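The following note sets out points for a colleague who has the coordinates open.

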Amino acid sequence: MTTSNRPIYITTPIYYVNDKPHVGHAYTTIVADFLTRAFRLLGREAFFLTGTDEHGAKVAEVARANGMTPQEWCDKHAQLFQDAWKRLDINYNYFVRTTDDRHVQGVRKMLERLHAKKDDEGRSLVYEREYIGLYCLGCEKFITEKELVNGLCPEHLTKPQELREKNYFFRLTAYLDQVRDKIEKDEIRILPEERKNEVLGLFKQGLEDFSISREKVDWGIPLPWDPSQNAYVWVDALPNYITAIGYGDDRPNFDKWWTEGQVLHLMAKDILKFHAVYWPAILLAIGEAPPKSLFIHGYFTVNGQKMSKTLRNTLDPHAMVDQFGPDGARYLLLTQFQFGQDGDLKADLFVRQFNADLANDLGNLVSRVVTLIERHYNGKQPSPGEIDWENSHATPLQVKINGALTDFHNALVSPAVPPIFSIDPNDAINAGLTLVRETNRYMEAMKPWAIAKNGASPTLAVILSTAAEAVRRAAILLSPIIPTKSREILRALGFNNPEEELSLDGLDPLWPSNLRRLCPGPFHLDAPIFPRLDKIEVKATEKRPVTETTVVAENVVTIDQFRQTQLRVAEVVAAEKVEGADKLLKLQVALGEERRQIVAGIALHYKPEDLVGKTLVIVANLQPSKIRGVESQGMLLAASNGKTLRLLTTDGVIESGSSIG
Ligand code: ME8
């Protein structure tokens, strides 16, 4: 089997059940779901595992504090994770729980093997040692004196307990050379590259044998050879990746996904050391293959702050689904920053981005194409007989329609880094969205709605057929990120069973010379795919000092004079009519952190509620003035032909306050 057709095994970390799912967990799980769907589109067999990490002192404690048994607590919280994933349209193959009997038996088997093994020098791989240390219950780990801040755990601000107990240790040091060597040679591929370097740095600093059991932790898996001790978190949690696919009880399935498959562990940097060093060493010790690849995605903050309980509530995955739907929530979470880089989730930009990318770019395109074909071709995509390809201007778009497939493919399977893939969900999503934007540009340039005024024609046929094919392909390419909406789009093109269409095989690179794949029709849309959201948080405005002045205009300006005019992007956060003035609207706008009030003579052309959420272009350094007694701290730019007036805005999302020039 070559690497390019090996089955792919994608995992998320198993999440602790002492908290409810938050957007950090949602991010990794959506990425895993995205990749599973994307690889399946590419024709690869893929298995997606997620689950919950349920043992440990912390869980037992929080359960007791809530008047529950640990098992009751775990059942309730595992269900919360499953509910959240269901709402986000996450389609995992298996949900592993560390309290499942199957997992417990698998861990016991693994520990027995570990216990029985000796290293090359004949030393037992598991040995007993008395351990004295400061243990933080919150972290579920020992912390050193050096890490303490004022005697407290820096993470939880609680006093660690001094623990003195007998533990069993795993002789990690016997495997360090092998593991480092495999990482250096990319046999265990750690992506992105800087994370690989970080791990190699850990080897230089020195790594020690680690404890695999605890004497005083009552909620865990007893060691098979000494039931007075329970398995310590990592030797319980990490093997979930193998017990879930049959390490203890289904060798053929285990071999298919683990031994012969392409294993990809996804996580953030918080648990890198355990996955990149401990886990491969344990696997080598029990005679199994180490994982083939680890992708460490970014660790993010929310609105500039580390996620806290309060922030988690405001950015609860359920709340995101309530507001944006499952597809919107998935899209927004995954597109905030480049995969692999740390970033900040700017929740106050979500509505704007949803409107710009999904409601406007994608939703409007689908509506336009479907409506025009429905109206002028009775809902049937124009057939080759009606099409005049030669005399159309469609070729550049057609080239891009075919190219989008290659871009999608390249984002997921880079030939540059065999034998493992270098994945980039953002680039893959962009392939679909670029196609959408290019098609919108084409539609704007060709104006099929104007041509259609004279009825159906070969030119109209080529424009609409090209656009319909672009929509079909975009729906397929975007299906890993917006699975439900992609199916809705395909249904709007007449595919009664959209599932059958979700394959890249249908994206014939010879299109349009090969027109086998006309959409069946009838083209029809009951409701917009992504209805526009107009709700945006209205923030308090600050009053600024005002002086009355006049501005002198000149007909000719030099470039230096022009540069004196500061043009900036402003977001409208509130708008209302000016009492007693029919033509005036009073807007509150945001320029980054700054707030301003602008009075503009646009009331005959815009309703106040249409403006909220728009990003406009304003003159930011105009002397403030009073218009009808109302202060105005800038000027909006608008195009006007005397009858119609249109405000200038930006081509896509950009933060308010950005300068223009
Ligand atoms: O560590 N940004 O579970 P956990 C990005 N049970 N991703 C984030 C994030 C953030 N701010 N916060 C959390 C555990 N995550 C162990 C794992 S695996 C054998 C055992 C995601 O509930 C990210 O994937 O603390 C991170 O690695 C994981 O949640 C930690 O989840």
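1. A polar contact is a pair of N or O atoms within 3.5 Å; within protein, one must be able to donate a hydrogen and the other to accept it, and residues adjacent in sequence count only if both atoms are side-chain atoms. The model is a predicted one, in which local features need pLDDT of at least 70 and side-chain atom pairs count only at pLDDT 80 or more, while totals for chains, interfaces and linings use all residues. Residues are numbered from 1 along each chain as its sequence is written, and side-chain values use heavy atoms, with hydrogens and water left out.

2. His 25 places a polar side-chain atom 3.1 Å from an oxygen atom of the ligand. For Thr 28, a polar side-chain atom lies 2.7 Å from an oxygen atom of the ligand. Phe 300 takes part through its backbone: an N or O atom there lies 3.0 Å from a nitrogen atom of the ligand. The ligand taken alone exposes 680 Å², and the protein buries 94% of that; these accessible areas come from the Shrake-Rupley method with a 1.4 Å probe, and for residues only the protein chains shown count as cover.

3. The shell around the ligand. Which elements give two or more residues to this shell? They are β1 (8-16), α1 (23-41), α7 (233-237) and α8 (240-243), where helices (H or I, at least four residues) and strands (E, at least two) are DSSP runs numbered from the N terminus. The most comes from β1, with four residues. There are 24 residues around the ligand, and Ile 14, Tyr 16, Thr 28, Asp 53 and Asp 270 come nearest; a residue is near a molecule or strand if one of its heavy atoms lies within 4 Å of it.

4. Composition of the shell. By class, 14 residues are nonpolar, eight polar and two charged. Here Ala, Val, Leu, Ile, Met, Phe, Trp, Tyr, Cys and Pro count as nonpolar, Asp, Glu, Lys and Arg as charged, and the others, Gly among them, as polar.

5. The sheet. An open sheet is formed by four strands in the order β5-β4-β6-β8, with antiparallel pairing; two strands pair if DSSP finds at least two bridges between them. Its edge strands, β5 and β8, each pair on one side only. Between β4 (residues 126-136) and β6 (residues 161-170) there are ten bridges, and Glu 128 stands opposite Tyr 168 in β6. Strand β6 is joined to β8 (residues 210-211) by two bridges. In β8, Ser 211 is the bridge partner of Phe 169, and Phe 210 is that of Phe 170.

6. Cis peptide bonds. The bond from Leu 191 to Pro 192 is cis, with omega near -10°. Pro 192 sits in the loop between β7 (189-191) and α6 (193-205). A cis bond also runs from Gly 521 to Pro 522, with omega near -5°; Pro 522 belongs to the loop between α19 (498-501) and α20 (559-563).

7. Positive phi values. Leu 157, a residue other than glycine, has a positive phi near 50° and lies in the loop between β5 (141-143) and β6. Is Leu 157 buried or exposed? Its relative accessible area is 60%, so Leu 157 is exposed; buried means under 20%, exposed over 50% and partly exposed in between (1.4 Å probe, protein chains only). Asp 186 has a positive phi near 65° and is found in the loop between α5 (176-184) and β7. With a relative accessible area of 21%, Asp 186 is partly exposed.
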